[in-house]
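Subject: Model handover

Hello,

Here is the structure we talked about. Please open it and keep it beside this note.

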Amino acid sequence: MSSKFTEQETETYYDGQDEIYRSVWDKEGSVHWGVFDDNTGDDFLKACSNLNDMMVDKGRINSSSNVLDLGCGNGTTAIWLNNDRGCQVTGIDLSGVRVNNAKNARTRLSQSAQDKLAFEKASATELPFGDATFTHLWSQATIYHVPDKESVLKEAYRVLKDGGIMVFDDLIKPKPEISDHAQKFVYDRLLYDTPFSFDSYQDALRAQGFKNLEAHDLSAHLKNSYLLLAGRVPKDSTEHAEHYAELADSYIQTAKAVDNQELGWGLYICQK
Ligand SMILES: C[S@@+](CC[C@H](N)C(=O)[O-])C[C@H]1O[C@@H](n2cnc3c(N)ncnc32)[C@H](O)[C@@H]1O
């Protein structure tokens with residue numbers, strides 16, 4: 001199946017929503033979900049940084065890695081990756097506004113960090129890089145937007161070196177039938193659709209030539225993330241009051257969709 005959303009709509013959406021996202025998710029500009037453990041409590045940003053730690057370890061990224069971040073957004077995680085591991089990171093994103101934010105953030109870093117970071121406006125479906133360029137592909141909360149996910153996996157495989165690792169998370173559809181309610185409040189709102197369940201995603205990776213190293217169903221963490229996000233929506237804003245109220249309600253509906261198995265979240269680590 002294919003989504004009815006176009007890349008142009010996704011680009012326009014993300015170009016326009018940066019201020020709102022920063023006021024709810026993370027003022028530094030990252031927009032991804034979090035993983036909770038016994039020490040996280042209700043700290044959403046700690047949960048987001050737990051996901052980064054989990055992915056960087058499982059992806060075996062180190063100072064000699066050359067990483068491509070697919071859907072880098074404002075560049076927050078790419079900059080963190082470079083700072084944490086000393087690796088080279090290139091970020092691409094569909095949103096010109098976010099790529100410019102990432103480029104601006106880069107200019108505020110030390111020269112040695114700048115030398116190892118690059119940002120470019122591009123689509124994950126058509127990567128402007130040669131075959132076998134990167135040791136790692138990294139992606140958070142991005143591929144769910146792309147109608148043609150197989151083309152993303154194909155491109156990822158193409159630009160990875162032999163033995164290279166792709167570590168990414170994505171939304172999944174645990175059961176094929178989605179209620180009209182979830183379609184409206186979750187799928188349509190997120191500009192999202194997918195043919196993949198947790199298991200069939202791994203089949204799709206295998207079909208592109210990847211060897212699956214690890215896969216984790218993180219759906220319970222997705223639900224927790226949205227419940228906390230609902231609580232982070234500003235309540236005293238006059239400027240965007242109506243939008244924020246809708247957002248808080250949609251986040252609650254999204255958590256319910258996870259409970260109903262209409263939405264899930266998977267983490268995949270695979271190798272070329
Ligand atoms: C939820 S945000 C996540 C951003 C970033 N990974 C993070 O963790 O903060 C989704 C991002 O995917 C980007 N995106 C959507 N479709 C894309 C595509 N086809 N190619 C590249 N980026 C895309 C959007 O512009 C947006 O910045």
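Below is what was found in it, by topic.

This is a predicted model, in which local features need pLDDT of at least 70 and side-chain atom pairs count only at pLDDT 80 or more, while totals for chains, interfaces and linings use all residues. Residues are numbered from 1 along each chain as its sequence is written.

The ligand

There are 24 residues around the ligand. A residue counts as near when its C-beta atom, placed from the backbone, lies within 6 Å. Tyr14, His32, Gly71, Gly73 and Ser95 come nearest. At least two shell residues come from each of α1 (7-16), α4 (76-85) and β2 (88-93). Helices (H or I, at least four residues) and strands (E, at least two) are DSSP runs, numbered from the N terminus. With three residues, α1 gives the most to the shell. By class, the shell has 13 polar, eight nonpolar and three charged residues. Here Ala, Val, Leu, Ile, Met, Phe, Trp, Tyr, Cys and Pro count as nonpolar, Asp, Glu, Lys and Arg as charged, and the others, Gly among them, as polar.

Helix packing

Two pairs involve α11. Take α10 (residues 219-232) with α11: the axes come within 8 Å and cross at roughly 160°. Axes are lines fitted to C-alpha atoms, for helices over the stretch in contact, and angles run from 0 to 180 degrees between N-to-C directions. The two helices are therefore roughly antiparallel. The cut-offs are under 35 degrees for roughly parallel, over 145 for roughly antiparallel, 65 to 115 for roughly perpendicular, and oblique for the rest. On the α10 side, the contact includes Leu222, Tyr226, Leu229 and Ala230; on the α11 side, it includes Tyr251, Ile252, Ala255 and Val258. Contact means C-beta atoms, placed from the backbone, within 7 Å. The residues of this contact divide into ten nonpolar, two polar and two charged.

Now α8 (residues 180-188) with α11 (residues 241-259): the axes come within 9 Å and cross at roughly 120°. That makes α8 oblique to α11. Ala182, Phe185 and Val186 of α8 make the contact with Ser250, Gln253, Thr254 and Ala257 of α11. Four of these residues are nonpolar, three are polar and none is charged.

Single residues

Is tyrosine 251 buried or exposed? Tyrosine 251 is buried, with 23 other C-beta atoms within 10 Å. Buried means 20 or more such atoms, exposed 12 or fewer, and partly exposed in between, with C-beta atoms placed from the backbone. Tyrosine 251 sits in α11. Beyond its neighbours within four places in sequence, tyrosine 251 contacts Tyr226, Leu229 and Ala230.

Leucine 191 lies in the loop between α8 and α9 (198-207). Leucine 191 is partly exposed, with 19 C-beta neighbours inside 10 Å. Leaving aside neighbours within four places in sequence, its contacts are Phe5, Glu9, Thr10, Tyr13 and His145.

Please check two backbone angles too. Arginine 60 is not a glycine, yet its phi is positive, near 55°. Arginine 60 is in the loop between α3 (44-58) and β1 (66-70), and is partly exposed, with 14 other C-beta atoms within 10 Å. Alanine 132 also has a positive phi, about 50°. Alanine 132 is in the loop between β3 (117-121) and β4 (134-139), and counts as partly exposed with 13 C-beta neighbours inside 10 Å.

Best wishes

Technical notes
Contact = placed C-beta atoms within 7 Å.
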